[in-house]
Structure formats: C-alpha cells, structure tokens
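Dear colleague,

Please find the structure below.

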Amino acid sequence: MKLTLKILLLLVLIFEITPAQQKGLIPVFDLHKNDLNLERIAQANQYFDRIGKKAALMGFENGSFEMWIWPWKVLRNFDLQFFRPSSTIPINASEIVRTISVTPEVTVINYSYETFSVKVIYLLPREEAAAILLLDINTAEPLTIVPGFIPVMQPQWPAGIGGQYSYWDDEIKCFIISESQQRGLFLCGSPLGEQMSAPPAHMFADNPLQFKLEIDPDECKNHYVPIIICGSPVKTKYDSVKIYYNYILNNIQRLYEKNYSDYNELLKNTINLTTPDEKINSAFRYGKIALYNLLVDNPNLGKGLVAGYGLSGGGGRPGFSWFFGGDAFINSLSLCSFQDFETVKDALRFTQKWQRQENYPVRKRNQSDPPKDIGKMAHELSQSDGLCDWWNDYHFGYNHADTTPWYLVAIGNYFVQSGDVHFIKQSWDSIVKAFDWCLSKDSDNDGLMDLKGAGLGVLEFGSLVKIHNDIYTQAVYLQGLKFLKLMAEEIGDSEILEKTIRLIPMAEKRLDELYWIDDLQFYSFGANENDQQVREKSIFSSSALMFNLLDEKKSERTIRHFNSSDMVTDWGIRNLSNNSELFHPSNYNYGTVWPFNSMLFITAQYNYYFNLPAYQNLRATLNHLYDNGLGTVPEVFSGEINQKLAEAYHNQGFSYSGFIYPVVNGLLGIKVDASKKKLSFSPKFPADWDKVSINNIRVGQTKVDLFYTKYDGKIEIEIKVQENQEIDFIFEPVFSPGTKGFKIYKDGNEVTAGVIHKSQGEVISFISKIVSGSKVMVTYYPVPELYLISDETEIGQPNIGLKFISQSTDNDKLITDVEVLAEREYYVGVTNSEKIKSVIGAELQGNRLMVKIKNEDKNNFRQHRIIIQH
C-alpha cells in the first residue's frame with residue numbers, strides 16, 4: 001500500500017511538470033516592489049553592474065558585460081542577438097534597448113522591437129560563484145535568441161596563464177571554459193541552448209562562442225528563459241561543476257529571495273534615516289549597500305574589502321577590485337558610522353594577515369638580511385596572489401606610508417563605536433607593531449611620523465610627491481595616536497599609554513606650527529625637511545580638520561578660504577585650487593574632483609558649523625549616484641566640468657564614503673562611544689527640515705531611536721531606548737547665527753543647558769542620563785535662516801552655481817558671504833521671512849531671496865555679501 005501511494009505521488013508530480021518546465025523554462029515569479037528602485041531610459045554606453053562576494057558582472061546598459069568569478073575573468077563581450085523567422089539579419093540587443101531599472105537585488109533591462117519584447121533580469125546571488133539571466137519574453141511569432149561571448153579564462157592582473165580551451169557539452173547544454181591544469185572551470189549556457197559555434201578543443205577561437213535559444217510564443221508565456229554562468233574558481237572535478245550548475249538552475253527563485261532578504265537585513269539592522277530629502281534617504285541606503293558589496297570572498301585569500309569595481313575591457317584590471325589596505329581602513333569609518341561592524345571586523349582581520357613580518361609575506365633575499373618594515377600594513381594585494389607571487393615578484397605591496405596610520409585609526413574607531421574589547425585584545429600585538437613602525441618613521445623626532453623612507457603619502461606622482469611632511473599622513477597618524485591611547489587604557493598597557501600621553505601634545509603642537517601659513521591664512525598641505533611649506537591650496541589639509549586636530553580659529557579661516565569657487569565646484573571639491581600653476585582639470589592628483597575628498601572636507605565643514613556650504617557640497621557629491629551608472633558613484637571627475645574622467649573607474653568604494661561618513665558624523669551629528677554607553681546627537685539640519693527620524697542606533701548592548709521635530713520656535717527630540725537600558729545622552733543642536741532666547745526642557749521640566757557661540761552658529765549643550773525613553777524640547781526666538789533650494793547640475797555643466805562662504809551675525813543682522821557669477825539669477829530659500837525688515841544684496845521674493853549682481857566680467861566668480869535685518 002505504501003509503495004502504491006509513493007508511485008501515485010510520483011505520477012502526480014510528473015504530470016504537474018509542464019512541457020515548458022521539462023524544457024528548462026522557469027515559472028515566472030514576482031519581483032518584490034522596492035522603494036529603492038531607480039529607473040530611466042537606458043543609456044547604451046553607460047555602466048551597470050551586479051556584485052556579489054564571489055563574482056561580479058560588469059557591463060553597459062545595452063546589456064553587454066564581462067563576467068568575473070574571483071579571481072578569474074571568465075568571459076567578456078557577452079551580448080544577445082534576436083532573429084525573426086523571416087530574416088537572417090540579426091537584431092542586436094544594443095540597438096533596441098529601451099529602459100533600465102535597478103534595485104539592490106537585481107537589474108532589469110528592457111528590449112523591444114516590432115513583434116517582440118524581452119525583459120532581461122540580471123541576478124547575481126550574493127553568496128554564489130554565479131550569475132543568472134532571466135529572459136521574460138513576449139513575442140507574436142517564433143523567435144531565435146543567440147547569446148554570444150568571448151571566452152577569456154585569465155586571472156586578475158598581474159597573473160597570466162596559457163593553455164585555455166572551451167567546448168560545448170550537449171548533455172548539460174553549456175560551453176565549458178577552462179585551462180589545461182583546470183585551476184578554474186566554468187560553464188555558460190541554458191537548458192534551451194543549442195550549439196552554434198564549434199571552437200577548437202585545444203584553444204580559444206578569435207570569434208565569439210554562440211549558442212541559440214528557440215523560443216515558442218506560447219511556451220514562453222508565464223515562464224522565464226534562464227541563462228547561467230557559474231563554476232569553480234579552484235581546481236575541482238567537472239562533475240562537481242555540473243552539480244553546481246544544476247543547483248543554481250533549480251534554486252533561482254530561492255536565490256533571488258535570498259538576495260532580497262540579505263540586503264533588507266543589512267538595511268534593517270544598521271542605522272536607518274528618514275529625512276524630508278528623498279535623495280539623501282535613497283543615497284544613504286544605496287551607499288550602505290555599495291560599501292557592503294566591497295566585501296569579496298576570495299577562495300585562496302579569504303574575505304576582505306576591495307576598493308571598487310569597473311570594466312577591464314581586454315585587460316585584467318576590473319576597476320580597483322583587489323584588496324587595498326588604505327581604502328579598506330577609510331571605508332571602515334563609513335561602515336562603522338552606520339554600524340556594519342561585522343564587515344569591518346572581517347576587513348580588519350584580513351589586513352592583519354598581510355601585516356609585514358620578518359620573513360613574511362615578503363621573503364628575505366638572504367637570511368642574513370636585517371628585518372625590514374616590521375609591522376607595516378599592506379597597501380595592496382591582487383586577487384590573483386597564489387597564481388603569481390605577488391609579494392616577491394612585484395613592488396606594489398607596501399609602497400604607501402599612510403596605510404599603517406590609517407590602520408590605527410580604523411581599528412581604534414571600530415573599538416570606540418562597537419565596544420568590541422575582545423577583538424582589540426586579540427589584535428593588540430598587531431596594533432603595537434603598527435605603532436612601532438610608525439614611530440620608527442619619525443626621522444626628526446618631532447612627534448610626527450614623516451615620509452622619509454616610509455613610502456608614498458596621499459599623492460602618488462607629480463612635483464609634490466617627494467615632500468618630507470604630508471599633513472594628510474601626519475594628521476591620520478595623530479588621530480591614530482589618540483585612538484591608541486584609548487585602546488591602551490582599556491587593555492591596560494601602561495608602556496604604550498605612557499608613550500601616547502607623551503607624544504600626543506607634542507604632535508598636536510608640531511602639526512599646527514608646521515602647516516599654518518600666516519600670510520595666506522590657511523593650513524598648508526606639505527613641507528620639506530627644512531619646514532619650507534607648500535603654498536598651494538590643497539584639499540588634503542582638511543584631513544586634519546576632519547578630526548578636529550588643529551586650532552579652532554585657524555581651522556575656521558582655512559575652511560572659509562576653501563569654500564570659495566577655486567576649490568568648490570557644483571559637483572564636488574577639487575583637490576587643488578584652479579588658481580594654481582599645477583592645476584589641470586584632468587590631472588588625477590592636481591585638479592580633479594574626487595568624491596572621496598568630500599569625506600574629508602564636508603566633515604570638516606560640519607565640525608566647524610559651516611552647515612549651509614556643507615549641505616550644498618553633500619548634495620553635490622551624492623547626486624553622482626543618480627547621474628552615471630544608476631546606484632553607482634565613479635572614482636574621479638574633471639575639475640572644470642561635471643564629467644567623469646575617461647580613466648576613472650565606474651564604482652569606487654571611497655566615493656560612497658564621500659557622503660555616507662559626513663551624513664552620519666556631520667549632518668546627523670551622531671557619535672557613539674559604546675564602552676561608555678554614550679550617544680552624542682548634534683543635528684545640523686537644513687533650516688527647512690521639519691521632521692527627521694534616526695533608527696536602530698546601537699549604543700553598547702542597547703538600541704536607540706531618535707525622532708526630531710521642528711515647529712514654531714521649538715525643537716522636540718523623542719529618545720527611545722530599548723530594554724530599559726541607561727545611556728549618557730549628549731544633545732548639542734546647532735542654530736542659525738544670532739538665534740536667542742533658548743530654554744530647554746526634559747520631560748516637561750526646564751533644565752540647565754549651556755549656550756556656546758560659534759562663528760557660524762549658536763550651539764546648545766545638554767547632557768543627561770536617559771533610561772527607557774525621554775523627550776527633550778528646546779524653545780527659542782526664531783530668526784530668518786537660509787536654505788538651499790536647488791542643486792541640480794547636469795552632466796557636462798561648468799561651475800556656475802552660487803557658493804556659500806560663511807555666515808555671521810551683528811546684532812539683529814544675519815550676514816551671509818557668497819560667491820556668484822555676474823548677470824546670473826540665483827535663488828536661496830529663507831525661513832521666517834515675515835520677520836525680515838530689510839535685505840541688502842538680494843531681493844526678497846516671498847520665502848526666497850533672488851541674488852543677482854552686475855559686472856562686465858561674467859566669467860569669474862565675485863565675492864558678494866547679503867545682509868538681512870530682522
């Protein structure tokens with residue numbers, strides 16, 4: 001009876017499988033609606049990608065792409081052709097592409113012609129060495145689809161191999177791509193595939209490999225046609241790869257759902273933000289995902305953060321998708337800011353494996369050679385290490401000096417934010433070795449490590465590359481010392497603690513004296529061994545301001561200088577003033593706009609309460625997420641027009657840090673000290689924002705939600721602390737210059753708070769213990785406040801927008817200094833306009849100001865002052 005029942009059940013299952021499913025078609029399943037969907041008309045030559053831990057698909061919006069399964073480049077120039085039954089002329093997908101939509105889990109590109117439309121869903125499962133293309137086809141007649149590609153089977157630069165081959169396996173209906181030793185073995189095909197090309201078995205042909213898919217109009221209804229690219233990046237048996245192919249094929253919907261849930265979990269379990277600015281809300285979430293996607297799981301090396309992604313074309317360098325220590329440490333600050341601590345810990349562990357030891361990973365040429373650079377952190381590591389001898393045959397591994405102090409900053413920041421004392425104890429030997437290496441590079445014993453014998457600083461070429469002192473590297477070192485002091489106190493290492501206590505004040509004094517240029521009134525970028533300063537305006541001076549390491553008044557003067565139009569563009573911050581003789585708009589180190597620069601400078605602006613220009617620059621930076629490849633931000637832009645450089649890679653990790661870090665640390669003013677259970681909240685919101693919510697802030701073992709409301713001369717903060725835990729709450733909101741009449745209430749009772757006057761605003765300071773929850777309210781006399789109305793900058797546009805320089809107050813006057821071009825109309829929003837008695841330098845038009853100046857010179861920015869009497 002039991003046997004009969006089993007047979008009946010089996011027969012039912014067999015009859016439930018439709019003819020279409022027997023051919024390998026996949027029943028259509030719904031894609032989740034996603035409020036992060038970005039959609040527009042496709043730009044055929046624009047970049048798109050799908051990224052996972054083990055693989056990457058990178059291409060153009062016309063559907064052509066290259067496929068990597070780390071560390072192997074499997075194929076390139078994958079594309080689709082369509083043939084109608086009445087014609088032998090191919091219809092290229094690139095010629096009929098219509099729209100593209102992007103969500104964190106998939107990309108969808110739509111193609112349409114007279115008698116058919118094809119929606120291709122590009123899915124790259126995050127944990128798999130595979131890519132899936134699902135073709136959703138609507139056709140009025142039989143249709144032949146021909147996928148084609150160039151097999152590559154080469155490891156990432158700088159390794160190289162020979163002996164590649166490919167052939168068609170009709171049993172599994174795939175092309176097999178491998179090499180003589182089968183150190184990697186990959187498949188590309190479809191259950192509907194039929195062989196077209198027949199390459200020679202012992203080598204790659206010059207022409208594309210092609211197979212065809214015969215599409216029946218009725219069978220394809222309500223079904224996807226799958227194309228699978230997958231395989232093993234390490235030596236394995238062919239049967240195992242076939243099993244893996246079938247696993248991918250039979251679990252497509254589950255793998256899609258896992259992608260969706262994985263990204264949702266990331267967004268849900270880290271800091272969440274809702275503001276009145278939808279672009280910031282969306283960019284913040286996409287930035288979190290982009291930084292999360294930098295984590296690569298290399299089968300030979302382990303899990304670490306790469307620097308970015310981009311097309312390799314006919315070569316072997318897919319953007320910067322190998323392991324860069326400095327980029328990992330910089331991006332860890334942003335990952336920690338939204339509290340993805342697990343990714344940061346993975347990244348730190350990975351870099352520790354390659355910290356230089358006496359005979360590892362660089363081997364001594366002779367055993368009698370003295371130890372060299374013990375404790376230095378690696379600058380870069382190719383994913384092809386193991387297929388080549390990266391450390392000993394190439395000289396790139398340890399060529400940067402700034403990587404090691406960045407390690408001290410990254411691991412110290414991780415400790416403060418996460419409170420993970422156990423990991424710091426595990427890492428202490430590594431931390432001390434890194435500190436000892438930095439200490440050994442202080443050649444003049446002035447408390448600051450220098451570049452002499454240490455390697456490159458922030459610049460990699462040009463006339464300023466061989467300077468002795470680099471404020472970027474030395475500021476990072478000083479901040480590393482401060483974090484080291486905190487860690488030594490926690491660990492109980494009295495020797496290291498005593499060294500930091502001695503070094504920090506000496507380094508602070510030296511840093512300020514060495515770089516301040518009194519006649520120019522800003523901090524220099526570098527100096528030689530005789531303390532002769534570089535007199536160029538370089539944005540890298542702001543690295544010290546980002547960490548609040550220098551004199552407050554001098555820092556404010558520096559920021560005022562750097563806020564001007566020779567440094568600030570409508571699409572980001574130049575790394576060098578366009579007034580410099582060294583400036584060129586396409587020179588990587590001497591005139592271009594890196595979104596990464598915004599991380600340094602916007603954070604510095606917010607640190608010193610230049611909130612209006614900071615927000616303007618923040619918006620300019622994150623707009624790149626929508627202007628180029630949807631949801632991706634390129635590496636570098638021209639210094640003269642809003643245009644990605646041709647040499648720039650398409651998806652660069654630190655470009656997201658350019659807005660993620662200043663959003664959390666500047667705009668929101670969120671700072672966490674987990675071990676002390678302390679949360680600081682210093683909002684610097686635009687004047688027209690009325691509501692903001694910040695959720696899921698981890699403070700030690702508890703979580704905190706903040707709800708901000710502004711109305712009628714009041715700011716209310718509702719603080720919700722989970723699990724009745726107690727935290728120390730520091731509330732320091734910032735108000736427009738000249739705001740008065742402050743009172744502060746906690747849970748309805750008036751309390752004492754400090755009022756601190758800063759050059760750019762008024763700061764309230766209130767400290768209290770919060771248990772479970774509380775409400776804090778600040779009342780004040782509202783005054784007119786300016787805010788940004790529009791900041792849209794088209795691709796190809798030159799630098800023409802109004803620049804906010806600084807604000808101040810004089811009795812009941814709000815004074816705003818700007819730079820503008822003559823004969824142009826600029827509009828600035830203003831709150832509480834009914835309180836305005838008069839305006840000089842602008843025309844009041846309801847709730848906005850119109851600024852226009854007359855001058856014969858329409859091509860150069862002019863300084864201009866707006867005075868509002870209230």
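The lining of the second largest cavity consists of 13 nonpolar, seven polar and three charged residues (Ala, Val, Leu, Ile, Met, Phe, Trp, Tyr, Cys and Pro count as nonpolar, Asp, Glu, Lys and Arg as charged, and the others, Gly among them, as polar). The model is predicted: local features need pLDDT of at least 70 and side-chain atom pairs pLDDT 80 or more, while totals for chains, interfaces and linings use all residues. Residues are numbered from 1 along each chain as its sequence is written, and side-chain values use heavy atoms, without hydrogens and water.

A cavity is a set of points, on a 1 Å grid over the protein atoms alone, where a 1.4 Å probe fits but cannot get out; lining residues have an atom within 4 Å of a point. Points are joined across faces, edges and corners, and a volume is the space filled by probe spheres set on them.

The second largest cavity has a volume of about 260 Å³. Among its 23 lining residues, D49, R50, N293, G631 and T632 lie nearest the centre. Strand β3 (47-51) provides the largest share of this lining, five residues (strands are DSSP runs of E, at least two residues, and helices runs of H or I, at least four, numbered from the N terminus).

The largest cavity has a volume of about 400 Å³. Of the 28 residues lining the largest cavity, N611, F685, A687, S736 and E785 are closest to its centre. Helix α16 gives the most to this lining, with four residues. The lining of the largest cavity comprises 21 nonpolar, four polar and three charged residues.

Conventions
1 Å grid on protein atoms, 1.4 Å probe; cavity = no way out; pocket = protein on both sides within 12 Å on 5 of 7 lines; lining within 4 Å.
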